[in-house]
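Have the structure open while you read.

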Amino acid sequence: MMENTILEVQNLNVKFNDSFALRDISFKVDEGQFAVILGPNGAGKTTLLKAILGLIPYEGTVKIFQKRREELTKEDRFKIAYVPQRFEGTKSLPLTVYEFLEISFPPYGRNLKDSISEFATVGDVNRLLSKKISSLSGGELQRVLIVRALLSKPKLMLFDEPFSGVDKIGERAFYEFLKYTKETYNVTILLVSHDVYNITKMADVAICINKRLVCFGNPEDVFLEENFAGIFGEDVSTYKHKICKEGGPCEFYKDHESNNH
Ligand code: ATP
């Protein structure tokens with residue numbers, strides 16, 4: 001079966017004030033895959049998402065749906081959903097969840113009401129629809145934001161650190177929801193996370209960065225099973241990465257050594 005590449009990043013460089021925030025990053029994600037971007041604080045994870053979204057200048061190539069960013073149509077861009085980690089503005093919104101979802105999408109020829117009920121069922125958001133958006137917990141708000149993103153029927157969903165402010169139960173519900181979303185709607189997911197242990201078990205592709213690309217591949221190949229739990233500990237700045245060179249041996253090194261690679 002031919003693989004359908006949804007996102008391809010080639011030799012991406014991003015500079016802030018003449019210093020590289022990202023250097024020579026290349027990877028690809030195929031349709032329906034769940035890809036996780038891992039890396040310590042300041043590694044450039046958010047910067048990578050912003051470059052993919054075309055929000056900051058970069059050198060190199062970002063192809064989405066096999067087109068360069070400049071070639072994307074309005075419809076293509078609508079199929080890319082960014083789910084923020086927080087949405088502080090919602091705290092002061094005098095709206096119910098339903099109203100919030102409704103005003104987020106102007107009518108464009110679909111029955112929004114039906115779509116809201118369909119996606120809200122998926123995310124267990126139906127029971128929240130009549131609640132004030134300002135009263136939701138972190139996990140509930142997150143599911144609402146995902147349902148909001150799903151309303152545009154995206155093909156590619158980008159998540160930045162979705163677990164901040166979410167408890168363990170919320171986190172589990174979120175994984176289940178993501179899995180269901182991916183399988184039901186065949187969306188491709190790109191998610192920034194610190195949570196190596198759980199997320200990597202679910203992910204099809206791991207992309208580790210620390211300004212440069214540190215690893216890229218199937219999580220089971222990228223991380224040795226016996227070292228898996230310890231790879232990213234509490235102190236993510238000192239975890240060990242395993243790098244597998246193409247066609248060559250794999251080796252571990254500490255994160256602070258990665259700049260030499
Ligand atoms: P964290 O896990 O802490 O969220 P991150 O991996 O997402 O970190 P980024 O936020 O992408 O890291 O930041 C990467 C580097 O680029 C950091 O050193 C940051 O200070 C710097 N940086 C990010 N945005 C800008 C900007 N607009 N101007 C200058 N420097 C920036």
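## Starting at an exposed glutamate

Let's begin with E70, which is exposed, with a relative accessible area of 60%. Keep in mind that this is a predicted model, so every value here is computed from predicted coordinates.

Which residue does E70 pair with in a salt bridge? The partner is R68, and the closest N and O atoms of the two are 3.2 Å apart. R68 itself counts as partly exposed, at 35% relative accessibility.

Another joins K67 and D76, whose side chains meet at 2.6 Å, N to O. Here K67 is partly exposed, with a relative accessible area of 27%, whereas D76 counts as buried at 13%.

K28 and D30 make a salt bridge too, with their closest N and O atoms 3.4 Å apart. Are these two buried or partly exposed? K28 is partly exposed at 30% relative accessible area, and D30 is buried at 9%. D30 gets that label because 9% is under the 20% cut-off.

## Around the ligand

Now over to the ligand.

K45 places a polar side-chain atom 2.7 Å from an oxygen atom of the ligand. N41 also uses its side chain, with a polar atom 3.0 Å from a ligand oxygen. A43 does it through the backbone: one of its N or O atoms lies 3.1 Å from an oxygen atom of the ligand. How much of the ligand does the protein bury? Taken alone, the ligand exposes 640 Å², and the protein buries 56% of that.

## The disulfide

How many disulfides does a search of the whole structure find? There is one, and it links C208 and C215, with their sulfur atoms 2.0 Å apart. That pair qualifies because the separation of 2.0 Å is within the 2.5 Å cut-off. In general, a disulfide is a covalent bond between the sulfur atoms of two cysteines.

As for its geometry, the link of C208 and C215 is right-handed, with 40° about the S-S bond. Both C208 and C215 are buried.

## A last stop on strand β1

One more residue to look at is N11, found in strand β1, which runs over residues 5-16. N11 counts as partly exposed, at 45% relative accessibility. How far apart are N11 and F27 in sequence and in space? They are 16 residues apart in sequence and 8.8 Å apart in space, C-alpha to C-alpha.

Methods: Residues are numbered from 1 along each chain as its sequence is written. This is a predicted model: local features need pLDDT of at least 70, side-chain atom pairs count only at pLDDT 80 or more; totals for chains, interfaces and linings use all residues. Side-chain values use heavy atoms; hydrogens and water are left out. Buried means under 20% relative accessible area, exposed over 50%, partly exposed in between (1.4 Å probe, protein chains only). A polar contact is a pair of N or O atoms within 3.5 Å; within protein, one must be able to donate a hydrogen and the other to accept it, and residues adjacent in sequence count only if both atoms are side-chain atoms. Accessible areas come from the Shrake-Rupley method with a 1.4 Å probe; for residues, only the protein chains shown count as cover. A salt bridge is a side-chain nitrogen of Lys or Arg within 4 Å of a carboxyl oxygen of Asp or Glu. Helices (H or I, at least four residues) and strands (E, at least two) are DSSP runs, numbered from the N terminus.
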